[in-house]
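Here is a friendly walk through one structure. Have a look at it first, and then we will go through some of its parts together.

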Amino acid sequence: MSSNNNQAGFLAIELDGAGYANLAGAVLAAESAGFHVATFKDAPAAGRVNALQRAAFAGPITRTIAVVPEVDTVYTEPSHISTQLASLDYVSGGRAGWIATAAESPESAAAVGRTSVEGAALAQEAAASIEVGRRLWDSWEDDAVIRDVATGRYIDVDKLHYVDFETPADFAGTPYSVKGPSIIPRPLQGQLPVLAAASLVGEGLVPADAVDAVLVSAPTAELLAAEIRDVRTWLGAAVAVIAELDVVLDSRGQDAGARLVASTDSGRARFAGSAAGLTELLDSLLREADGVRVHPAEVDVDLEELARLVLPELRRRGSLREPIQDGTFRDVLGLGPAQNRYSTSAAAVAAGK
Amino acid sequence: MTRDIFQPSGQIQFGIFFQGVNSGTIWKAEESGSQTDFESFRHIVQSAERGKFAAFFLGEGLRLREHLGRPHALDVVGRPDAQTMLAALAAVTRNIGLVATQNTTYNDPADLAHRLSSLDLISGGRAAWNVVTTDNAWTGANFRRGGYLDHADRYKHAEAFVETAKRIWDSWETANGPARHIRHEGQHYTVDVTPRLPRSAQYRPVLFQAGDSPEGRDFAARQADVIFSAHPKFDDAVEFRRDIVSRSVAAGRGANAVQIMPASEFILAATDQEAQEKKAWVRSLQIGPQQAIAYLEQFWGRELSSYDPDGPLPEIDPVVEETSETRGSGFHGAKARQLADQWRAEAKDKGLSIRGFVTSKTARIDSTFTGSYSAVADHLAEYARVGAVDGFNISPWLIPTGLDDIVNHLVPELQERGVYPTEYRGTTLRENLGLETPVRSEESVRVS
C-alpha cells in the first residue's frame, strides 16, 4: 500500500440503513453501482441484527463486492469471532474483512455480566482479540488438508498448530489464554483484512502492523484531507487509509438541506448537496486516501443518486477504479498473499529442502 | 380430545444433519467433495429443499478432536461456524429450517439469544437452536471464560440459559416494541439487558435438544420443541416416544408438544441386493485400516500401529492411567483392562479382525436403514402410522451428493404412500413442523 496520488481509489458504502428486510436489494444495488466494499455497522441499537450475519447473507448473492462487518472485540469471545470471520470468508468466496471495534458500552457490559471496560483498556482488548484471530487463521497451513487415501490421513497433522495465546502481562482485563488450533481451516484469503478506526491504532493502542487499513474521520469535509495526510505521515505506507464521509444528496426533487433534518450527528465529515458537488469532493479525497467510505443518509435514496450520477463520473475521470471481477478483499486493498507465521513449508524452503 | 393423549400425525419429515467431523462422512471416495466450500453446502441444502426437507442442521465442536495428544487426522477435520453458514444459506433457500448447534457453556445468553434472533429475522422465521452443553475444561482452553462446570451442574446451567434466552425472545410487547428489561442473576452468569430485536415470523427460534439421560430427557420435555434422539430403531423409537409423552405431560405440556427426530443413515438402491453391496462399500470407506487401529488406540491409550488391522485384537493390555475422558478419547483407567478382555473375547467369538470388530462397534447398526427405495419406504410408513417418530434427521455419508438418491427416489415413494409432505405448509420452520406458536410467558411480562 502506498500513498496513491495518481492511482485510482476504491469506494465503500455503509449499508446499515438497509436493515435486514431490504438487505439483498441494497447490496446488489451497491455492487452493480460499482462499489468495492459494503460495510455493516454493529453497535447496540433497537432493530439492528447481527452485522456478521448480514454480511454472510450478502456473500453468496454477490460476486465482486467485499462484505465487511463490524465485530466488537471487548465483550465477545475471540475464538468465536475468529471462526465466524473465517466462515464469512468461505461463504463470500474470499471477499470478507473485519472492522474491529472497541467502543465504551456499559450496556454491552451489563448484557454479559462484565464490568464496563474504559479508556486504554479498550485498545488492549482489541489488540488481544485481533492477535487471537490472526493466529487462529494461521493455525492451519494452506495445504493442511491432504486427503491422502494411501495413508488414510485427511489432514497433515504437522501443518496444524497450537496458537497458545496469552494476554500480555500489562493486560488490564481478566487475563485469558486460547489454545487452538482453529476449528475451521485457514480462510480463503489466508488473513482477512482487518480495519479499525484510526483513533484506535498507534503507540500504546492497537499496533499499526495489526491492521491493514484505518478509517479516518474529521469534523468537516475541509479538515478531512489534512487529517488523511496526517494519518499517513505517522502510520507509514503499509496501512491503507480510508476516509469517512456522511452523504446527503439532492434527490427526488428534494434539496439535501431539507433532508438533513432527519440525519443525526455522527462525528464524521458530512457532504450535503448536489451529485456534482459530491463528485468533486470524492475526486479530491480519492487523490489523498486509498478509499472513501460513504455513509448514505438513506440507503435507497442516496444510493440511487450515487449509482446514477456520481460513480460513473468518477470512473470517467480516472479517480475511481473498476471493481475487480472475482477479486478478494485483499485485492481491493492491494495486499499481496498473506504470509503464514507458522508455515513449515517456508521453513523447509529456507532450509534448502 | 384431551391434550394429554398422544395423536399420531400419520406423517414423517426429514432433516439433514451435516455433521462432518466423524467417521460417518466418507472423504476417500472419488465423489467426496469439499467440506468447507460454500458450493458443497449450497448443493446439499438445495437438494434437501427440493425434497421438502423440514430442516438443515449444522453441528459444532469447539475444539478439534485429538488422538494421543495431537489433532485427529483420519476423519474429516474442520468446519464452518454454524450461524454464519446458515445466514449465508438463508440467502439461497426459501423454506427449509436452519438449525444451529450452539453450546450453552461457551456463550453468553444475551449475545447468543441476539444472534439467534438475527438468524431468525434474516431467514424470515426459519431459525432453530440445537441446545448442547459441555462441562470440560479441555474445550474451555479455547475460551476466555474457561467454562469448566461440574458435570452435575451442566443441565441446571443449560436450563437457566435457555430460560433467559426465552425471556429475551419474549420481551417485545408487540411487533414494534417496547422491549421489557431482562435481568438474570444466577450462579453461572449475570444478564442485564434491554433486548433489541422483535419477534420473528415464527415468534422465536425453534428449540432442538439431544440429551438422552433421564435428566436430559426431562430438560427436553420442559424446554424443547424437537428432540434430536438416538432411538431410530422401531421398537426403541416407540418406547422413547412413550417415555417423552409421559415426561412432557408431567411437565404440563401437551402429549404432542415435543416432536422426535432420531439421527439416522440411509443406504439405498433400486434393489435390496444392491443396497447391501453398497453398504459394504460405504463401511469399508468409513472405517479404513488406519481408523480401525486409531479407534482401539483411544481405548488402549497407546500406539498400536504395529498391529495388523486384518489380524486379531492386540494381546497387550491398555495403559492404565487416570486421564481425562474429555480429550475426544475413549475410556481409560482401571476399567480399560476389563474392557479389553471383553472385546478380545467378543472378537474371537465372532471371528472378527480388528477392522471388522471396529466396524461393528462404530457402524450405526441401529440407525442405518438399508434396502430398496420401496422396502425402506414401507418400513418408514409404519413409523408414520403409529407415530413412533415425527421424522428422521439424516446424516449423509457423502458430501455434497449424499441426499440425491433420497430426494430423487425415496421421497416420491413416501409421498405416494401419503406419509410425507408434497409441499411446504408455510414459510416458517414452526409452520412446517406443525408446532404451536409459543404463548408469551408471565415470567417475562413481570417487570423486574
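## A glutamine and its surroundings

Setting aside neighbours within four places in sequence, B:Q286 is in contact with B:S23, B:G24, B:I26 and B:W397, where contact means that the C-beta atoms, placed from the backbone, lie within 7 Å. This is a predicted model, in which local features need pLDDT of at least 70, side-chain atom pairs count only at pLDDT 80 or more, and totals for chains, interfaces and linings use all residues. Residues are numbered from 1 along each chain as its sequence is written, while chains are lettered from A and ligands numbered from 1 in the order in which they are written.

B:Q286 belongs to helix α8 (residues 272-286) of chain B; helices (H or I, at least four residues) and strands (E, at least two) are DSSP runs, numbered from the N terminus. Is B:Q286 buried or exposed? It is buried, because 22 other C-beta atoms lie within 10 Å; the cut-off for buried is 20 or more, for exposed 12 or fewer, with partly exposed in between.

## Helices that meet

Axes are lines fitted to C-alpha atoms, for helices over the stretch in contact, and angles run from 0 to 180 degrees between N-to-C directions.

| Pair | Axes come within | Crossing angle |
|---|---|---|
| α2(B) and α3(B) | 9 Å | roughly 15° |
| α3(B) and α5(B) | 9 Å | roughly 50° |

In the contact of α3(B) with α5(B), the residues are B:P109, B:A110, B:L112, B:A113 and B:S117 from α3(B), and B:F161, B:T164, B:A165, B:I168 and B:W169 from α5(B). The buried residues of α5(B) include B:F161, B:T164, B:A165, B:I168 and B:W169.

For α2(B) and α3(B), the contact is made by B:Q83, B:L86, B:A87 and B:A90 on one helix and B:R115, B:L119 and B:I122 on the other.

## Where the chains touch

How many residues of chain B are in contact with chain A? There are 55, and they meet 46 residues of chain A. The largest share of that side of chain B, eight residues, comes from α3(B).

Definitions and conventions
Two residues are in contact if their C-beta atoms, placed from the backbone, lie within 7 Å.
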